Amino acid sequence: MKEYEDILYKEINKEMIKVRKYLHQIPEIGFKEFKTSSFIKSKLKEFGYEVEITAKTGIIAFIKGKTTGEAIAFRADMDGLMINEDSEIDFSSEHPGRMHACGHDGHMAVLLGLAMFLSRLNNINKDILLIFQPAEEGPGGANIIVNEGILDKYNVKYIFGLHIFPEIKEGKIGIASGPIMAQSGEFDIFINSKNSHGAMPHLGIDGIYISSLLIQSYQSIISRNIDPNETAVLTIGKISGGSARNIIAGKIKLEGTIRAFNLDIYNKIKSRIHEINKGIELMYHINIDTQIRDFYPPVINDKYLYNIVKKSLSSKEVIEMEPLMISEDFSYYQEKIAGFFFLLGSKNEIKGYDYPLHSSKFNFDEKILLTGLKTYIKILKTLKIT
């Protein structure tokens, strides 16, 4: 039996590497993953599956188990990023301005590897759903899949997902019980004050000065309005405005992001931004237009599934993770059902695989794909599904 498994893993590993390299060459942005979707569909059919389209370009494959009624789902995201690849690999992006800089090519390869593995089994105890999801990078294909009723249609009880992560050692599995990724949002603040000649500041209302007051006040939200036992981030990443060195600026724009693990904390930050802006408006007789856009909810891992995953792996394989301030639309599934999201380490400084996610130089050694696949299979075995 072990000899057969070794041969099967070797065959699947070869296929996953081939798949990853092909997908890396054809990155496409959210809801426009047409080539990617077509390729995945052809592979699934090659493995003997019937497929279903969801969320415009997403693909669903359903495996019927001996005991029907509840399904276990696995998800991979499909989209690339609007980044020009800067690498010397022989399978680099063929789409200018597009790149798989977040490992989604690897995620799809692992899930196709799982599909190939499951196609070789005679006995599967429960239904399994494979979800190839578009638009994780935005605007959030997971939410559309949930709203289309896919989880309800197949009566999905649990869902699992992984993300390649270059901040932890190659081949290690990063896990956490409870929050692992944050609620995210972004904001634009438009300061509409009054310009004047720089030599006559009393005739204007200085938008740059007001922007400095706002920035200082925003920074006090985290330090003075949020419980120090909670964790949150408010960052102003971009300021634009002004026309010349000797003109009082009338219009300024601030752009920033909010991150928190607790939704009440996130909402409190938003509320304080509005309150601060209103106060500055009244003080200086100006108008401030505040635009805040809520993005993905926090990724919060189910405790029972955390214990299942921990039981599936040896202590040498696992790294306990502190929550990260990055975000992921896997959270939409977790709002509906119990889910578990883990990190697949890819850091290898000797080979130069230590560039961060979304870097134009991001890359990883394909040997980690087999680690991801085996982790999924170990989870299925612990749940007594295979």
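Contact here means heavy atoms within 4.5 Å, and helices (H or I, at least four residues) and strands (E, at least two) are DSSP runs, numbered from the N terminus. This is a predicted model, in which local features need pLDDT of at least 70 and side-chain atom pairs count only at pLDDT 80 or more, while totals for chains, interfaces and linings use all residues. Residues are numbered from 1 along each chain as its sequence is written, and side-chain values use heavy atoms, with hydrogens and water left out.

Let's start with helix 1 (residues 2-25) and helix 10 (residues 367-382). On the helix 1 side, E5, Y9, I12, N13, M16, I17 and R20 meet L369, L370, L373, K374, I377 and K381 of helix 10. Sorted by type, the residues of this contact come out as eight nonpolar, one polar and four charged (Ala, Val, Leu, Ile, Met, Phe, Trp, Tyr, Cys and Pro count as nonpolar, Asp, Glu, Lys and Arg as charged, and the others, Gly among them, as polar). The two axes come within 9 Å and cross at roughly 130 degrees; axes are lines fitted to C-alpha atoms, for helices over the stretch in contact, and angles run from 0 to 180 degrees between N-to-C directions. Helix 1 and helix 10 are therefore oblique to each other, given that angles under 35 degrees count as roughly parallel, over 145 as roughly antiparallel, 65 to 115 as roughly perpendicular and the rest as oblique. The crossing of helix 1 and helix 10 is right-handed, meaning that the near helix is turned clockwise from the far one by less than a right angle.

Helix 10 also leads us to a sheet. It lies across strand 3 (67-77), strand 4 (126-133), strand 5, strand 6 (173-175) and strand 16, and runs at about 155 degrees to strand 16. These belong to an open, mixed sheet of eight strands, in the order 1-2-4-3-5-16-6-15, where two strands pair if DSSP finds at least two bridges between them. Strand 1 (51-54) and strand 15 (318-320) are the edges, each pairing on one side only. Inside the sheet, nine bridges join strand 5 (residues 156-169) to strand 16 (residues 338-347) in the parallel sense, and F165 has G345 as its bridge partner in strand 16.

Now for another helix pair. Helix 2 (residues 34-46) and helix 3 (residues 104-119) pack at about 20 degrees with their axes 10 Å apart, which makes helix 2 roughly parallel to helix 3. Here T36, F39, I40, K43 and L44 of helix 2 meet M108, L112 and A115 of helix 3, a set of six nonpolar, one polar and one charged.

Then there is a second sheet, open and antiparallel, with four strands in the order 10-12-8-13. Strand 10 (232-241) and strand 13 (287-294) stand at the edges with a single partner strand each, so one side of each has no neighbour in the sheet. Ten bridges join strand 8 (residues 183-192) to strand 12 (residues 251-260), with E186 opposite T257 in strand 12. Helix 6 (residues 207-225) lies across strand 8, strand 10, strand 12 and strand 13, at about 170 degrees to strand 10. Helix 7 (residues 263-284) touches strand 8, strand 10, strand 12 and strand 13 too, and its direction makes about 170 degrees with that of strand 13.
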